[in-house]
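I set out to record helix packing and the ligand surroundings in this model. The entries below follow the order in which I looked things up.

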Amino acid sequence: MKKYVIHGGRPLYGRIEISGAKNAAVAIIPAALMVDGVCRIENIPQISDVDLILNMLQSLGANIRTFNRTTMDVDCTHIVNRQIPYEDGRKIRASYYLIGALLGRYGWAEVPLPGGCDLGGRPIDLHIKGLTALGAEVDTRNGYVYAKVPDGGRLRGAQIYLDIASVGATINIMLAATLAEGLTVIENAAKEPHIVDVANFLNSMGADIAGAGTDVIKIRGVEKLRGGEYSIIPDQIEAGTYMAAVAAAGGEVRVCGIIPKHMECITAKLMEMGVEVEEEGDSLIVRRSGSLQRTNVKTMPYPGFPTDMQPQIAAVLSIAQGTSVLTEGVWGNRYRYVEEFRRLGAKIQVEGKIAVIEGVDHLTGAPMEACDLRAGAAMVIAGLAARGTSEVTNISHIERGYEDLIGKLSGVGADIRVVEVPDPERAAATA
Ligand code: EPZ
């Protein structure tokens, strides 16, 4: 067990290089299951969610070779198994992509019901509705999703309307439909940057997908996909997290290797709060010297303000002048971090999906326990802004989605380090 120890109150200066997008990587790696041949995938982030997905592919028989830190050859030509081990699949949300990929290529899949961050109910009814419309028989029992194409045939294209613009359902249906017979149309599709990235990956391997990034995606099924090379887009949320860190702690940091267009929803809110953001090629220079001003934020599907930046922006609003209203528009329960922020002196009242944040002059360091990935990142931001020493425990949540968080923050002058926490059981056994 490890924890972060942060001595806060130091402004950040320098540059931070952004890694490949987690939520694109955890979909593109399963998508390689559908390809006959070798997929060379570049810009893969080194995070534990990616390790889990790679382990699952290997358990199916995929051959994976790592070249340098971020490039891998994934060869799924000789898959021997189609059932994902329960303990692996349930740890991570993105294991649901294995259903669409295996079903599309092999006609059957057995995948544990997915886990992931606890953000309130996380049903997969829309995934099942879509896959069923494509002709699959899907059954959930004993913690598993069992999906198969009857009579060992191929899935058939269909018109699918999503009641909610779900990221996961859009990608899963897109995966399954890629090798189906005929045309699939997804209406009210999600438009997040990683949806476009998965479509681009599949198209570069021979798929025929149009409209990704809009409300309507059209997938014309092809017979097979062939190997190729693809580089994953930079992580919008990782970049946003560091932008929020500079906003909260002050200073000037160049956030590099990003797609500024993907950052607009976040940039706009930070600027409203008095943060200066300047675009220069594939970088944003983020500067905060004066005080922060209140604003209201509502999370929404892309191109709205991302729910995955909600806890981080709450950390910034906690020290802005005035009272801000934060509305969670995607998840049922994404305010579990508020209790931890209060330990630092933040004044936040939560009523259902709304948090009212009364900005305080400063936060004061305290111990916090990460309850999920983005909440954990937000606690780090709060700790960087706070006076004195903070600790964040349960950091495995954070390691799921942030590559080298300590290295990147130390590189811009943050005083943050990882400390081993003695395992209480082992300590008791040796006492
Ligand atoms: C993806 O989750 C991301 N995860 C989440 O990021 C992100 O918060 C979310 O999209 C929204 O942007 C990955 O990409 C691996 P959804 P996903 O399906 O696909 C409801 C992070 O921190 N819904 O778009 O699970 C659902 O309850 C993680 O990186 C149904 O009702 O999200 C929610 O209210 C956390 N039925 C809304 O739709 C369904 O079948 C959006 O969920 C599916 C979803």
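Entry 1. A crossing is right-handed if the near helix is turned clockwise from the far one by less than a right angle, and left-handed if anticlockwise. Helices here are DSSP runs (H or I, at least four residues), numbered from the N terminus. I noted that the model is predicted, that local features need pLDDT of at least 70 and side-chain atom pairs pLDDT 80 or more, while totals for chains, interfaces and linings use all residues. Residues are numbered from 1 along each chain as its sequence is written, and side-chain values use heavy atoms, with hydrogens and water left out.

Entry 2. I then looked up the contact itself (heavy atoms within 4.5 Å). Pro 311, Gln 312 and Ala 315 of α10 meet Arg 374, Ala 375, Ala 378, Ile 381 and Ala 382 of α12. I sorted the residues of this contact into six nonpolar, one polar and one charged. In this scheme Ala, Val, Leu, Ile, Met, Phe, Trp, Tyr, Cys and Pro are nonpolar, Asp, Glu, Lys and Arg are charged, and the others, Gly among them, are polar.

Entry 3. For geometry, I found α10 (residues 310-317) and α12 (residues 373-385) packed at about 20°, with axes 7 Å apart. Axes are lines fitted to C-alpha atoms over the stretch in contact, and angles run from 0 to 180 degrees between N-to-C directions. The two helices are therefore roughly parallel, a label for angles under 35 degrees.

Entry 4. I turned to α8 (residues 236-249), which packs on α12 at about 25° with axes 8 Å apart. That angle makes α8 roughly parallel to α12. The crossing of α8 past α12 is right-handed. On the α8 side I listed Ile 237, Thr 241, Ala 244, Ala 245, Ala 248 and Ala 249; on the α12 side, Arg 374, Ala 377, Ile 381, Leu 384 and Ala 385. This contact divides into nine nonpolar residues, one polar and one charged.

Entry 5. Which residues come nearest to the ligand? I found Tyr 96, Asp 125, Ser 166, Asp 308 and Val 330, out of 24 residues around the ligand, where near means a heavy atom within 4 Å.

Entry 6. A backbone N or O atom of Gly 168 lies 2.8 Å from a ligand oxygen. A polar side-chain atom of Arg 122 lies 3.1 Å from a ligand oxygen. For a side-chain N or O atom of Arg 93, I recorded 3.4 Å.

Methods
Parallel < 35°, antiparallel > 145°, perpendicular 65-115°, else oblique. Polar contact = N/O pair within 3.5 Å; in protein donor to acceptor, adjacent residues only side chain to side chain.
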